[in-house]
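Biologist: I would like to learn how to read a few features of a model. Could you take them one at a time?

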Amino acid sequence: MGNPAFPPFDNHKSVRVASVLSMTDKPSAARDASLPHGVEEARLRQQAIGVKLRHMFDQVVNEPVPDEFLDILRRADERTGGKA
Amino acid sequence: MGAAPKPASSDDEGFKRELIQLIPHLRAFARTLTGDPTAADDLAQDAMMKAWDARASYQMGTNMKAWTFMILRNQFYSEKRRSWRQSQLDQEAAERTLVAVDDPEAPVALDELRQALSSLPEEQREALILVGAGGFAYEEAAEICQCAVGTVKSRVSRARRALLATLERGGYARDGRAAGDAMRSILADADRLSGARSG
């Protein structure tokens, strides 16, 4: 429900990164000092991979859309009787 | 509900507006499936047209992003079954990826992540992309992949473990760089990216 189907296009990178972090970033409890070092380290690494993964995807999302896409859609629209 | 072509309506206009907004996301998903920008755009265009043609079966107000992603994914696998010689394609895509690395502006870590991703089994890769990058909930990803939620969860978790192992092995070191640099550069890069958050 808190997962909008259409994320805003102006792409608040910081918000996105934060949401990626929150996917793997368990609050305070996981940061407990009693946690074995290896587990914490692995978690940080997973978190870093998550950030990069998101960044990789967003790089394409942020590319300008080639005109071809809209041209094709416009032609299809006209074919089906589009605008009067 | 007939099969006759729907006359243009305000529904169509709304549908088109939403579809146009989704194009960048369809392109990104297609890129991760094909690994090749040109093939990806062909795929995304096909999916966009399929979605447009099927607009009568789409219920406004439901999750159009998941719906179009499912169409794109189905298109990808049906084309692949039909005509793509996948092993060859993978090989070519891998070579292109290596060539693309020569761009000095391209962050190294991103490329190593891409290569590590390409070594994952397809169903793990798509699950991880949908959940870890596409912003879908497990339930939505399950819908898109037409499988059980538990299956998506286990694919994502296996994908995460495998990625980490691959990157830590630094199996893709090149230019004489020491193994292990892959993970280190990813950590540094992620740090920089998240730094913008608090900055």
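Biologist: Leaving aside neighbours within four places in sequence, which residues is Met48(B) in contact with?

Modeller: First, the conventions: this is a predicted model, in which local features need pLDDT of at least 70 and side-chain atom pairs count only at pLDDT 80 or more, while totals for chains, interfaces and linings use all residues. Residues are numbered from 1 along each chain as its sequence is written, with chains lettered from A and ligands numbered from 1 in the order in which they are written. Two residues are in contact if their C-beta atoms, placed from the backbone, lie within 7 Å. By that rule Met48(B) touches Phe69(A) and Leu73(A) of chain A, and Leu19(B), Ile23(B) and Leu26(B) of chain B.

Biologist: Which residues have the most contacts inside the largest nonpolar core?

Modeller: A nonpolar core is a set of buried Ala, Val, Leu, Ile, Met, Phe, Trp, Tyr and Cys residues joined through C-beta atoms within 7 Å. Buried means that 20 or more other C-beta atoms lie within 10 Å of a residue's own. The largest core has 53 residues, and Leu26(B), Met48(B) and Leu72(B) have the most contacts inside it. Helix α1(B) gives the most to this core, 8 residues; helices here are DSSP runs of H or I, at least four residues, numbered from the N terminus.

Biologist: Why does this core lie between the two domains of chain B?

Modeller: Domain 1 (14-100) and domain 2 (106-199) of chain B both give residues to the core, so it lies between them. The domain bounds come from an automatic or database domain assignment. Across the boundary, 12 residues of domain 1 of chain B are in contact with 12 residues of domain 2 of chain B. On the domain 1 side, α3(B) supplies the largest share, 4 residues.

Biologist: How do α2(A) and α8(B) pack?

Modeller: Two packed helices are described by the angle between their axes and the distance between the axes. Here α2 (residues 37-61) of chain A and α8 (residues 149-169) of chain B pack at about 100 degrees, with axes 10 Å apart. Axes are lines fitted to C-alpha atoms over the stretch in contact, and angles run from 0 to 180 degrees between N-to-C directions. The two helices are therefore roughly perpendicular, a term for 65 to 115 degrees. Ala42(A), Arg45(A), Gln46(A) and Ile49(A) meet Arg160(B), Leu163(B), Leu164(B) and Leu167(B).

Biologist: How many helices and strands has chain A?

Modeller: Chain A has 3 helices and 0 strands, and 21% of its 84 residues count as buried.

Methods: Buried ≥ 20, exposed ≤ 12 C-beta atoms within 10 Å, placed from the backbone. Parallel < 35°, antiparallel > 145°, perpendicular 65-115°, else oblique.
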